[in-house]
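Good morning, colleagues. Please look at the model on the screen while I describe its overall build, its surface and its charged pairs.

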Amino acid sequence: MPLAARLAGSFLRSAARPGPPRRGVISGPPQQPLGPGESVVGFLAMFVSCLGPAAWVLANLEEYKKRE
């Protein structure tokens, strides 16, 4: 059997064989619920990252209107 055919066979055989289940992916409710402080920090980070750039543009709208 040629070398290329043996390599292709070994690659295909390993791709078709299912491996062990991946660890780290846990479904279901969290084991330790988040506290109110952690929730506030998370919501604040999302708020700033989503609405911060829009607020910056609106606050500096006059600067953007100027043509130099």
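I shall begin with the basis of the model and then turn to its parts.

This is a predicted model, in which local features need pLDDT of at least 70 and side-chain atom pairs count only at pLDDT 80 or more, while totals for chains, interfaces and linings use all residues. Residues are numbered from 1 along each chain as its sequence is written, and side-chain values use heavy atoms, with hydrogens and water left out.

The protein chain has three helices and zero strands; both are DSSP runs numbered from the N terminus, with helices being H or I of at least four residues and strands being E of at least two. The order from the N terminus is accordingly written α-α-α.

How confident is the predictor? The score is pLDDT, its confidence in each residue from 0 to 100. The protein chain averages 82, and 78% of the residues score at least 70. Where pLDDT is low, the predicted coordinates should not be read in detail.

UniProt, in an unreviewed entry, lists residues 40–59 as "transmembrane region". Its positions are given in the numbering used here, feature names are shortened, and annotations may be inferred rather than shown by experiment. In the model, residues 40–59 are 100% helix and 0% strand, with 25 Å between the end C-alpha atoms.

Let us consider the surface. Of the 68 residues of the protein chain, 0% count as buried, where buried means under 20% relative accessible area, exposed over 50%, and partly exposed in between, with a 1.4 Å probe and protein chains only. The accessible surface comes to about 6,900 Å², of which 67% belongs to carbon and sulfur atoms; such areas come from the Shrake-Rupley method with a 1.4 Å probe, and for residues only the protein chains shown count as cover.

Which residues form a nonpolar patch on the surface? They are Trp56, Val57, Leu58, Leu61 and Tyr64, with about 550 Å² of accessible area together. The elements giving two or more residues to it are α2 (36–59) and α3 (61–65), and α2 gives the most, three. Leucine 61, in helix α3, is partly exposed at 35%.

Finally, there are two salt bridges, each requiring a side-chain nitrogen of Lys or Arg within 4 Å of a carboxyl oxygen of Asp or Glu. Glutamate 62 pairs with lysine 65, their closest N and O atoms being 3.8 Å apart. These two residues are separated by about one helical turn, because they lie three residues apart in helix α3. Lysine 66 meets glutamate 63 at 3.5 Å, N to O.

Note on methods
Patches are made of residues with over 30% relative accessible area and no salt bridge: like charges are joined within 9 Å, nonpolar side chains (Val, Leu, Ile, Met, Phe, Trp, Tyr) within 5 Å. pLDDT is the predictor's confidence in each residue, from 0 to 100.
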